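Welcome! Please take a moment to look over the sequence and the 3D view below.

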Amino acid sequence: MRTKTLIATAAGILLSAAASAQVNHHASWLKDAVVYQIYPSSFQDSDGNGIGDIPGIISRLDYIKSIGVSAIWMNPVFVSGFTDGGYDVIDFYKIDPRFGTNSDLVELVNQAHARGMKVILDLVAGHSSDQCEWFKQSKEADPNLRYSDYYIWPSFKPEIKNEQNLAGKTDYAQLMNSMNNIVNKFVASDAPRGPYYVKNFFDTQPALNFGFANPDPEHPWEQAVDAPGPMAMRRELKNIISFWMDKGVDGFRVDMAASLVKNDFDKSATIKLWKEDLSKWFKETYPEGLLIAEWFNPEQSIEAGFDVDFFAHDGKYNFSTLFFNTDRQGKSQPCWFELEGRGELKTWYDLYSYQYNAVKGKGYASLPTSNHDFNRPAAAARTTLEQEKVYMTFFLTMPGVPFIYYGDEIGLKQQFGLPSVEGSMMRSGTRIPMLWDSSDNAGFSSAPIEKLYIPQDPDPNRNTVEKSENDPNSLLNYTRTLIQLRKDNPVIGADADWRLVNGLETPYPMVYERTLGSEKCIIVLNPTAKKVTTQIEFQGKTPEIIGGSYTKASYKSNAKKGIDTITLSPVSAIIYKY
């Protein structure tokens with residue numbers, strides 16, 4: 001069915017700074033930001049080798065700007081061994097030739113700035129490639145070379161101990177550096193320096209040495225966080241940041257930001273490292289710069305001095321119960337955003353409301369549409385235009401800074417069963433090449449189809465940017481109007497208050513309230529194939545519909561009973577303003 005799409009773009013009422021300002025010092029542009037994430041290898045190929053690059057991104061800046069976003073975040077573009085999609089960095093100061101040159105990156109920054117957009121790079125702070133010159137020197141027998149202590153070299157492998165079971169009390173970010181987990185990350189080595197080194201993820205990613213929270217005297221490789229080696233590592237990280245910020249870059253998303261200090265069960269040492277040194281220095285040196293954490297625990301990361309963290313796919317704090325209608329292999333599983341209506345809200349609500357309240361007024365817990373590590377929302381049985389508009393309404397009317405993963409604005413579909421490419425494993429299906437037009441390879445590349453970085457969506461009726469531009473009812477145009485609506489109405493923006501209105505015992509529809517000063521909006525979402533009716537507290541006035549995607553909707557007030565009744569057609573979303 002073809003739904004009505006209604007978006008109002010009336011300018012929002014200007015509110016006092018006291019009502020909308022964050023307590024922490026953030027970049028002045030952050031509260032109005034919408035970030036567009038690009039996986040560079042899959043976005044636009046300019047030289048016909050089947051792999052996207054920076055000149056390709058530059059060629060698409062006008063399109064990116066047209067979406068309404070204010071910043072671009074790119075996954076790593078530095079010289080890499082590409083055993084983990086660029087997250088195994090060989091040279092932190094140089095752009096990999098597959099993507100272009102340092103001058104190309106500077107040109108991208110300049111061109112983006114000319115269009116009023118910021119550029120955010122991906123900073124791999126916790127590890128390097130095993131091909132990095134730092135690691136090669138660190139392997140040498142002499143322990144007193146410049147980079148000798150940039151890495152961790154255990155002289156023996158301790159036995160796994162029976163540790164306190166933290167799984168029910170904490171999350172991935174807190175468990176990732178437990179002693180047992182670190183021992184499991186010991187990689188056997190024939191290096192003169194020692195028989196083992198500590199990795200962070202793959203064996204090709206040796207962990208950088210920021211010290212141990214509580215060094216064990218029986219483990220001589222466990223250096224204190226303020227030992228010379230870890231302190232030198234801090235200085236190197238600052239040098240990397242300065243090198244790119246001084247070229248005009250606007251900030252960083254920090255990969256595995258919680259991984260720096262080892263054996264840090266409660267993350268207190270890692271928080272202190274960032275809060276009292278790295279992020280403190282960054283904010284003082286670059287007050288308009290942005291720090292985004294991949295920490296997956298906003299309560300901790302915002303305390304550590306980051307501006308934004310993801311309430312995303314990993315660890316305890318996640319939205320998997322809302323969106324993961326399939327597992328990694330594509331097998332169906334219940335979730336909230338589905339036609340069948342089998343989902344529940346309590347799991348997500350308990351976790352999200354905790355994090356939202358923990359960082360409110362300090363920073364942002366943001367829900368990305370997806371990213372390079374987890375499934376796109378357009379997956380399996382959730383790929384119709386109406387379904388896509390419902391979930392996009394959710395993403396762009398929630399608090400925090402919105403993050404749109406490239407292609408999600410046109411409903412780029414998750415692909416299952418693709419081959420692993422450069423360590424992607426089951427993540428290949430979310431890193432597929434962008435679909436631009438009806439030309440060969442959908443305009444992504446002039447290379448032979450077998451040379452493409454990852455296979456594209458093979459559906460002959462696949463949606464493209466070209467199709468979307470020519471359809472006023474498309475998800476792309478709906479996304480554009482939602483972003484504009486958000487800009488015009490701060491009451492559905494980053495800083496406005498949020499409250500779930502419907503009871504958890506009746507999860508459909510989801511009804512939540514956004515308030516800012518005297519303004520109020522109520523958003524109603526029904527992803528199911530059935531008409532839904534809900535009752536909310538009597539509001540005392542008839543609301544204006546300022547946005548949504550629906551076939552039929554009714555709103556009836558009953559002052560005597562003190563209730564308002566909302567009825568919404570199947571697979572619909574509506575935004576009321578009071």
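## About the model

This is a predicted model, in which local features need pLDDT of at least 70, side-chain atom pairs count only at pLDDT 80 or more, and totals for chains, interfaces and linings use all residues. Residues are numbered from 1 along each chain as its sequence is written, and side-chain values use heavy atoms, with hydrogens and water left out.

Most residues other than glycine have a negative phi, and most peptide bonds are trans. Against that background, Y508 and P509 are joined by a cis peptide bond, with omega at about -5°. You will find P509 in the loop between β14 (497–500) and β15 (510–516); strands are DSSP runs of E with at least two residues, helices are runs of H or I with at least four, and both are numbered from the N terminus.

M256 is not a glycine, yet has a positive phi of about 45°. Its loop runs between β9 (251–255) and α9 (268–285). V571, also not a glycine, has a positive phi of about 45°, and sits in the loop between β20 (563–568) and β21 (572–577).

Both residues are buried (under 20% relative accessible area, with a 1.4 Å probe and protein chains only): M256 has a relative accessible area of 13%, and V571 has 8%.

## A buried charge

The loop between β9 and α9 also holds D264. D264 is buried but has no salt bridge, meaning a side-chain nitrogen of Lys or Arg within 4 Å of a carboxyl oxygen of Asp or Glu. The nearest side chain of opposite charge is K267, 4.4 Å away; here Lys and Arg count as positive, Asp and Glu as negative, while His and the chain ends are not counted.

What does the side chain of D264 reach? The side chain of D264 reaches the backbone nitrogen of A269 at 3.2 Å.

Terms used:
Buried < 20%, exposed > 50% of the residue type's maximum accessible area, 1.4 Å probe, protein only. Polar contact = N/O pair within 3.5 Å; in protein donor to acceptor, adjacent residues only side chain to side chain.
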